[in-house]
Amino acid sequence: MAAKKPFVVALTSLKGGVGKSTLAVNLAGALALKGKTALLDADSAIQTSSGWVQRGNLKVTALKEGEAIPQGIRYLVVDTEGRPALDDIVNLTKSADVVLIPTAPNSVEVEATGRLLTQLVAAGGDMERVRVVITKAQPVGTVGQAARDELRAAGFPVCETVIRRYTAHERAHEQGVLVKDASDARSENAWADVLGLTVEVC
């Protein structure tokens, strides 16, 4: 009997600073609560996520591009290189089970994400697997929800969960832990966002 392939969640973005690697690590940590999880860091130049996983001794297997996926892995989170080519994103939509595109809730990034999604449709991407996730939203107010609703109104698939911007995320990176274990008063709030997204994705 052939080994069952892992469920693949890929995160990609044409914009830097949207919390892609931070989300990848914490999403992998949340999925590890459900089954054996590996995180593939495809950004060989920076290796933010794999370094974070290894430094923090998280219960996630860190992989680099080209490494074989160990047997028994149930979930594979892929943190893609920064600013990949459109063709690479199209291919990702055909190989991953879910492709998450993080975007901050400001108008410039929302418009850029809308253009990317339009290009993916034109290039033949499998849009059934694509989901936008709003990240770095202010914890107070409805800016994140407004950005989510704007993209939905344009006909794009957007996750219900909004990842709010808490200092707990930065502290988790500094401390080499998941956001739930960061020394921060809002770590539980930040982790609740991650768990909400995990439920949606899987």
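This is a predicted model: local features need pLDDT of at least 70, side-chain atom pairs count only at pLDDT 80 or more; totals for chains, interfaces and linings use all residues.
Residues are numbered from 1 along each chain as its sequence is written, and side-chain values use heavy atoms, with hydrogens and water left out.

**Sheet and helices**

Helices (H or I, at least four residues) and strands (E, at least two) are DSSP runs, numbered from the N terminus. Six strands form an open sheet in the order β3-β2-β4-β1-β5-β6, with parallel pairing; two strands pair if DSSP finds at least two bridges between them. At the edges lie β3 (61–64) and β6 (130–134), each of which pairs on one side only. Neighbouring strands of this sheet are turned against each other by 25° on average, direction ignored. Axes are lines fitted to C-alpha atoms, for helices over the stretch in contact, and angles run from 0 to 180 degrees between N-to-C directions. Strand β5 (residues 98–103) runs parallel to β6 and is joined to β6 by five bridges. Thr103 has Ile134 as its bridge partner in β6.

Helix α1 (residues 20–31) packs on the sheet and touches β1 (7–11), β2, β4 (75–79), β5 and β6; contact means heavy atoms within 4.5 Å. The direction of α1 makes about 175° with that of β4. Helix α2 (residues 48–56) also packs on the sheet, touching β2, β3 and β4, and its direction makes about 140° with that of β2.

Asp41 lies in strand β2 (residues 37–41). This residue is buried yet has no salt bridge, and the nearest side chain of opposite charge, Lys20, is 6.6 Å away. Lys and Arg count as positive and Asp and Glu as negative, while His and the chain ends are not counted. The side chains of Asp41 and Ser49 are joined by a polar contact of 3.2 Å. A polar contact is a pair of N or O atoms within 3.5 Å; within protein, one must be able to donate a hydrogen and the other to accept it, and residues adjacent in sequence count only if both atoms are side-chain atoms. Not counting residues up to four places away in sequence, Asp41 touches several residues, among them Leu63, Lys64 and Asp79.

Val90 belongs to helix α3 (residues 86–95). With a relative accessible area of 7%, Val90 is buried, because buried means under 20% relative accessible area, exposed over 50%, and partly exposed in between (1.4 Å probe, protein chains only). Beyond four places in sequence, Val90 touches Leu120, Ala123, Gly124 and Gly125.

**Salt bridges**

The structure holds eight salt bridges, a salt bridge being a side-chain nitrogen of Lys or Arg within 4 Å of a carboxyl oxygen of Asp or Glu. Three of them are listed below.

| Glu160 | Arg152 | 2.9 Å |

Asp184 is buried at 13% relative accessibility, whereas Arg171 is partly exposed at 36%. Asp126 is partly exposed at 25%, and Arg129 is partly exposed at 27%. A network of salt bridges links Arg148, Asp149, Arg152 and Glu160.
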